[in-house]
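Work through the exercises below with the model open. Try each task before reading its solution.

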Amino acid sequence: MPQDEQHFTVIDDDDIRFLSTQLRGVKQARVRFLGGTTEFHLEVIEVLLALGVSATTERLGMIAPYPRRRFGIRYKGDSAILTVAQDAALMG
């Protein structure tokens, strides 16, 4: 398979299971990415869309303290703010 046709998955089944469980009932999310690769960002958005969650994104330079968990979620009604740190552990 030519190099440009390969697709490497950077989000795994545990991430998908976590997001589907935690975002049940959420219709809209604001996703704040802390670093990470473009491929990871796109896969997170694809998972959200597959779950029926519309998303807006922004990229943050850094926050302190840096999160110990890959996904931090704050809820407000049927919306959520999702902070994503690709290099952090899934469950901290």
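**Exercise 1.** Which residue just after helix 2 takes a positive phi?

Solution. The residue is G52, with a phi of about 85°. Two notes on the source come first: the model is predicted, local features need pLDDT of at least 70, side-chain atom pairs count only at pLDDT 80 or more, and totals for chains, interfaces and linings use all residues. Residues are numbered from 1 along each chain as its sequence is written, and side-chain values use heavy atoms, with hydrogens and water left out.

**Exercise 2.** List the secondary structure and its order along the sequence.

Solution. Start with the counts: the protein has 2 helices and 4 strands. Helices (H or I, at least four residues) and strands (E, at least two) are DSSP runs, numbered from the N terminus. Then read along the sequence: the pattern is α-β-α-β-β-β.

**Exercise 3.** In what order do the strands lie in the sheet?

Solution. Step one: the sheet is open, its order is 2-1-4-3, and the pairing is mixed. Two strands pair if DSSP finds at least two bridges between them. Step two: strand 2 (54–60) and strand 3 (71–76) stand at the edges with a single partner strand each, so one side of each has no neighbour in the sheet. Step three: from one strand to the next, the twist averages 20°.

**Exercise 4.** Assign a sense to each strand pair.

Solution. Take strand 1 (residues 28–34) and strand 4 (residues 79–84): they pair in the parallel sense over 6 bridges. Within this pair, R30 stands opposite I81, and A29 has A80 as its bridge partner. Helix 1 (residues 13–22) packs on the sheet and touches strand 3 and strand 4; its direction makes about 15° with that of strand 3. Axes are lines fitted to C-alpha atoms, for helices over the stretch in contact, and angles run from 0 to 180 degrees between N-to-C directions. Contact means heavy atoms within 4.5 Å.

Next, strand 3 and strand 4 run antiparallel, joined by 6 bridges. G72 stands opposite T83 here. The two strands form a hairpin with 2 residues between them, and G77 in the turn has a positive phi of about 65°.

Last, strand 1 and strand 2 pair in the parallel sense over 7 bridges. In strand 2, A55 is the bridge partner of A29. The chain goes from strand 1 through helix 2 to strand 2, a right-handed β-α-β crossover. Right-handed means that, with the strands pointing away from the viewer, the path from the first strand over the helix to the second runs clockwise.

**Exercise 5.** Check the length of helix 2 and find its buried face.

Solution. Helix 2 (residues 38–50) has 13 residues; at 1.5 Å a residue they should span 18 Å, and the end C-alpha atoms are 18 Å apart, which agrees. The expected span is 1.5 Å times one less than the number of residues. Now the burial: F40, H41, E43, V44, I45, V47 and L48 are buried. Buried means under 20% relative accessible area (1.4 Å probe, protein chains only). These residues pack against helix 1 and strands 1, 2, 3 and 4.

**Exercise 6.** Is R70 buried or exposed?

Solution. Locate R70 in the loop between strand 2 and strand 3. R70 counts as buried, because its relative accessibility is 16%. Its side chain joins that of D15 in a polar contact of 2.5 Å. Such a contact is a pair of N or O atoms within 3.5 Å; within protein, one must be able to donate a hydrogen and the other to accept it, and residues adjacent in sequence count only if both atoms are side-chain atoms.

How values were computed. Buried means under 20% relative accessible area, exposed over 50%, partly exposed in between (1.4 Å probe, protein chains only).
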